[in-house]
Amino acid sequence: MDPRDTAPDSWEQEDDMEATVDGQLESAFTALNVNAKPFVPNINAAEFIPVFATKGHLENNDSAVAVDKNSSMEVTESTAPVENGDTETSTEEMWDQRESEPNQEEPGGWRLGPVVPEITEKTAPDMIEEEEEVPVPKVQPTQPDAPRKEHINVVFIGHVDAGKSTIGGQIMYLTGMVDKRTLEKYEREAKEKNRETWYLSWALDTNQEERDKGKTVEVGRAYFETEKKHFTILDAPGHKSFVPNMIGGASQADLAVLVISARKGEFETGFEKGGQTREHAMLAKTAGVKHLIVLVNKMDDPTVSWSLERYEECKEKLVPFLKKVGFNPKKDIHFMPCSGMTGANLKEATDMCSWYTGLPFIPHLDSLPHFNRSSDGPIRLPIVDKYKDMGTVILGKLESGSISKAQQLVMMPNRHVVEVLSLLSDDVETDDASPGENLKLRLKGIEEEEILPGFILCNAENLCHSGRTFDAQIVIIEHKSIICPGYNAVLHIHTCIEEVQITALICLVDKKSGEKSKTRPRFVKQDQVCIARLRTAGTICLETFKDFPQMGRFTLRDEGKTIAIGKVLKLVAERD
């Protein structure tokens, strides 16, 4: 019987037995220096000389790793420079360069440039352990550069079924944010429901109710990048029942894209009195959107077939209204034809539309001038949403100032002192954030139940104002009867929604001359401008329009319609 098959009297004996029997194994490992000193990397080494130990480890590795190694060697060979000046690079160096790539990106999410030999020194066992981590940075290659680019929030607005979500989905596909395989899956699922033309919108309408009805309910979020800028898409709902959600989306936007349908009948429906095209354009202006791009969608429709006459007809009807809302047709508005379904004129110009000479949509966005944002100002982050996830997480757009990790901030109006545990800008973790970025913050020192949308995160040195009573200038846009003191409505200011009462009418303002009436009016009616005192049901955060425009504009809504728009002139101190 082979002595190796029996239980040994002592385990020391077993070791001796192995040593004598496995002579072949011993000879195979003669190249290894077992008594070598532990490896200490020399930071100042001129060049890396591979050790035989590396070869030993690599050969013992399983075949799957070997295949992966070869494929990665081909990738690195084209990108990484040859370090030692040789035309051929050894296996160890390839492993080494490959490992150094992710390490460069790991510390702060920045690329460090070409590979330097000092960084590349590593022992083989370390490399093999880290082998599985290699693909991580390659999933989203643009992420490390994200903080460098200017952040712009684009809100898609317009009448229901104009094609907002479809255009959003098409842009994500064209910029590589949604892969073809995912879209093919959506297309199959949509065909099963006899809704094959809806599949692109499913990239943004993710919840089941939205997909079944084909209507966006909540503001969809996604992001894409161009060479110079980083864009966040805010896909607002077009249905009139969900206008409050749309106002929340528009309040975070820097730029609005008004989508209108060129199809016969659809444009007219959206533009008539009850249509959402008018209301959305007006709300976007009130929310502080300065630049408006009007996308005339569905130009590929058989009733339109890229007709210049139809395009001009839509343009002629829209311009006077947008002018009345407050947009300057020469500076603030840009019209362009497109097709969301086919993607024509979104990324590249189309032959079907030879009469349009401007840039397609995505290049036009890229060529827009920079937005002026002060990172030195006070911190103001209106909260859009909150939820629990390993602590309290809040979402919002940083309007001014800059936030960094581990910073102490104050939540107004509760005056809770909170600490920032982690910062995510468009789902990419960063250490600090600048104005205009969409952030997810994990906070310490406050419970999720203690936060409401509309609360503001500020720095302790410069708290935002809070109160219930304020004076404001109001423009009555649409109201059948007269408005008197005691009138109640719903106030939408930045991300906050609160019930409000007009307690007093102070004076009327002449639209043309700006003169104020000497006597107090007893009532105001449609198309009049007045200064009134308003009082909210609860305490809200707000600033005067002069000090901080983003938090000084508001909308009054009643019975599902937008009644008035206004700006805060003065904050009135509470009487005890």
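These legends describe close-up views of a predicted model.

**View 1. Helix α14 sits inside the structure.**
Helix α14 covers residues 276-286. Nine of its 11 residues are buried, so α14 is largely enclosed by the rest of the structure. The buried set runs from Gln276 and Thr277 through Glu279, His280, Ala281, Met282, Leu283 and Ala284 to Thr286. Gly288 follows the helix, and its phi is positive, near 100°.

**View 2. Helix α12 packs against α14.**
Two packed helices are described by the angle between their axes and the distance between the axes. For α12 (residues 243-250) and α14, the angle is about 35° and the axes lie 10 Å apart. The crossing is right-handed. On the α12 side, Val243, Met246 and Ile247 make the contact.

Helix α15 spans residues 308-325. Its axis is 10 Å from that of α14, at an angle of about 35°. This crossing is right-handed. From α14 come Thr277, Arg278, Ala281, Met282 and Lys285. From α15 come Leu318, Phe321, Leu322 and Val325. The contact of α14 with α15 holds six nonpolar residues, one polar and two charged.

Which element gives the most to the lining of the largest pocket? Helix α14 does, with six residues. At least two residues each come from α14, α15, β16 (466-476), β20 and β21 (561-572). By class, the pocket lining has nine nonpolar, 11 polar and 14 charged residues.

The model holds six cavities of 30 Å³ or more. Two or more lining residues come from each of α12, α14, β17 (488-493) and β20 (553-558). Strand β20 gives the most, with three residues. The cavity lining divides into six nonpolar, six polar and one charged. Strand β20 also supplies at least two residues of the pocket lining.

Most residues other than glycine have a negative phi, and most peptide bonds are trans. The bond from Met412 to Pro413 is cis, with omega near 5°. Pro413 lies in the loop between β10 (408-412) and β11 (416-425). Asp161 is not a glycine, yet its phi is positive, about 65°. Its loop joins β1 (150-157) and α9 (164-174). Met390 has a positive phi of about 55°, and it is not a glycine either. Met390 is found in the loop between β7 (380-388) and β8 (392-397). Is each of these two residues buried, partly exposed or exposed? Asp161 has 47% relative accessibility, so it counts as partly exposed. Met390 has 75% relative accessibility, which puts it over the 50% cut-off, so it counts as exposed.

**View 3. Leu183 is a buried residue of helix α10.**
Leu183 is placed in α10 (residues 180-192). Its relative accessibility is 6%, under the 20% cut-off, so Leu183 counts as buried. Which residues does Leu183 touch, not counting those up to four places away in sequence? The partners are Tyr173, Val178, Tyr199 and Leu200. Leu183 and Gly169 are 14 residues apart in sequence. Their C-alpha atoms are 9.2 Å apart in space.

Technical notes:
Residues are numbered from 1 along each chain as its sequence is written. This is a predicted model: local features need pLDDT of at least 70, side-chain atom pairs count only at pLDDT 80 or more; totals for chains, interfaces and linings use all residues. Side-chain values use heavy atoms; hydrogens and water are left out. Axes are lines fitted to C-alpha atoms, for helices over the stretch in contact, and angles run from 0 to 180 degrees between N-to-C directions. Helices (H or I, at least four residues) and strands (E, at least two) are DSSP runs, numbered from the N terminus. A crossing is left-handed if the near helix is turned anticlockwise from the far one by less than a right angle, and right-handed if clockwise. Contact means heavy atoms within 4.5 Å. On a 1 Å grid over the protein atoms alone, a cavity is a set of points where a 1.4 Å probe fits but cannot get out, and a pocket is an open set with protein on both sides within 12 Å along at least five of seven lines; lining residues have an atom within 4 Å of a point. Grid points are joined across faces, edges and corners, and a volume is the space filled by probe spheres set on the points. Ala, Val, Leu, Ile, Met, Phe, Trp, Tyr, Cys and Pro count as nonpolar, Asp, Glu, Lys and Arg as charged, and the others, Gly among them, as polar. Buried means under 20% relative accessible area, exposed over 50%, partly exposed in between (1.4 Å probe, protein chains only).
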